[in-house]
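Please look over the model below. My notes follow as numbered points.

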Amino acid sequence: MAIKNSQTQERGLAVARTVAELRHAIAAFRAAGRTIGLIPTMGALHEGHISLVRGALGRSDVPVTSIFVNPTQFGPNEDFAAYPRDEAGDLAKLEEAGCRLVFAPDKDEMYPGPQLTTVHVSEITDGLCGPLRPGHFDGVATVVTKLLMMAMPERGYFGEKDYQQLQVIKRMARDLAMPIEIVGMPTVRELDGLAMSSRNRYLGAAERATALHLYRQMMAVARAVRDGGASCGAATSDATKALLAAGFDKVEYLTVIDAESLEPVERVSGPARVVAATRLGRTRLIDNIAVD
Ligand code: AMP
């Protein structure tokens, strides 16, 4: 355990392994008059995660990052066992970024007994990744609820990179009257446009070169359908063909959706997003951009 005495000073990273340690450390920040910004992650941190820490600092919250590879949001044939883990590297990046507290529980701390309670958000989980990853959003909504209840932050910071997840969490917080503001932060990308993701570590050199086509094709769709121009079906069908020709193994979906309801749209007439899920070798890549 490493809750240091530095926790109410202006720098220094403490690590809490238990809920009791987390609450104790947060109480000390609160006693010093600070607000808390929780950043839930699964570790293997990159600049996208760090931008959430900066978002919290920008709002004067004490950034508290959780690192927990949540088994309940992985399907039986998914990459839970292989998911990259690098706690030492993560802690160094977080300290450097000005994060003050890390919550890194083990599985027994997060799920001390059988979890009989599940948080389920309906309708907006019916499409996109919902049917492709059965149980995924229940796992996410439940673990995020637990993390929010454990830390009771003023704000929770989440990336637009996982756009459907962000809408699920916003809706959950609203429907359950959680006294917590859910802040969505823009997607951080590599120079060639590839959205940063812990799973990019799985990509070999040739796959990495292919991966940039995803952003390019999403941009092409956004340009084509903007202001009700081309039909969304035609634009996404062209882009799907281009991705398969570029070397993607599968396009699970590439769709233009209403930014709030997440329903597919055929002609853009309001806020909309291009959303995509693809397979490249053993890597599943998801991404999305605003149409405007
Ligand atoms: P993960 O560790 O993949 O569960 O992600 C933790 C948080 O970081 C989620 O809110 C993600 O949406 C967010 N995130 C992941 N990648 C990025 C990125 N490239 N830019 C911004 N936020 C991101």
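1. Which helices and strands each supply at least two residues of the shell around the ligand? They are β2 (35-41), α2 (47-58) and β5 (155-159). The most comes from α2, with 3 residues. Helices (H or I, at least four residues) and strands (E, at least two) are DSSP runs, numbered from the N terminus.

2. A word on the basis. This is a predicted model, in which local features need pLDDT of at least 70 and side-chain atom pairs count only at pLDDT 80 or more, while totals for chains, interfaces and linings use all residues. Residues are numbered from 1 along each chain as its sequence is written, and side-chain values use heavy atoms, with hydrogens and water left out.

3. The shell around the ligand has 17 residues, each with a heavy atom within 4 Å of the ligand. His49, Gly159, Asp162, Val188 and Met196 come nearest. The shell divides into 8 nonpolar, 7 polar and 2 charged residues. Here Ala, Val, Leu, Ile, Met, Phe, Trp, Tyr, Cys and Pro count as nonpolar, Asp, Glu, Lys and Arg as charged, and the others, Gly among them, as polar.

4. Now the polar contacts (N or O atoms within 3.5 Å). A side-chain N or O atom of Asp162 is 2.6 Å from a ligand oxygen. A polar side-chain atom of His49 lies 2.9 Å from an oxygen of the ligand. Met196 uses a polar backbone atom, 2.9 Å from a ligand nitrogen. On its own, the ligand has 490 Å² of accessible area (Shrake-Rupley method, 1.4 Å probe). The protein covers 92% of that area.

5. Finally, the rings. There are 3 aromatic pairs, counted for Phe, Tyr and Trp (its six-membered ring) with centres within 6.5 Å; planes under 30 degrees apart are stacked, over 60 edge-to-face and the rest tilted. Phe68 and Tyr111 form a tilted pair, 6.2 Å centre to centre with 45 degrees between the planes. Phe68 lies in the loop between β3 (61-67) and α3 (87-97), and Tyr111 in the loop between α4 (107-110) and α5 (129-132), so the pair ties together parts 43 residues apart in sequence.

Notes. A polar contact is a pair of N or O atoms within 3.5 Å; within protein, one must be able to donate a hydrogen and the other to accept it, and residues adjacent in sequence count only if both atoms are side-chain atoms.
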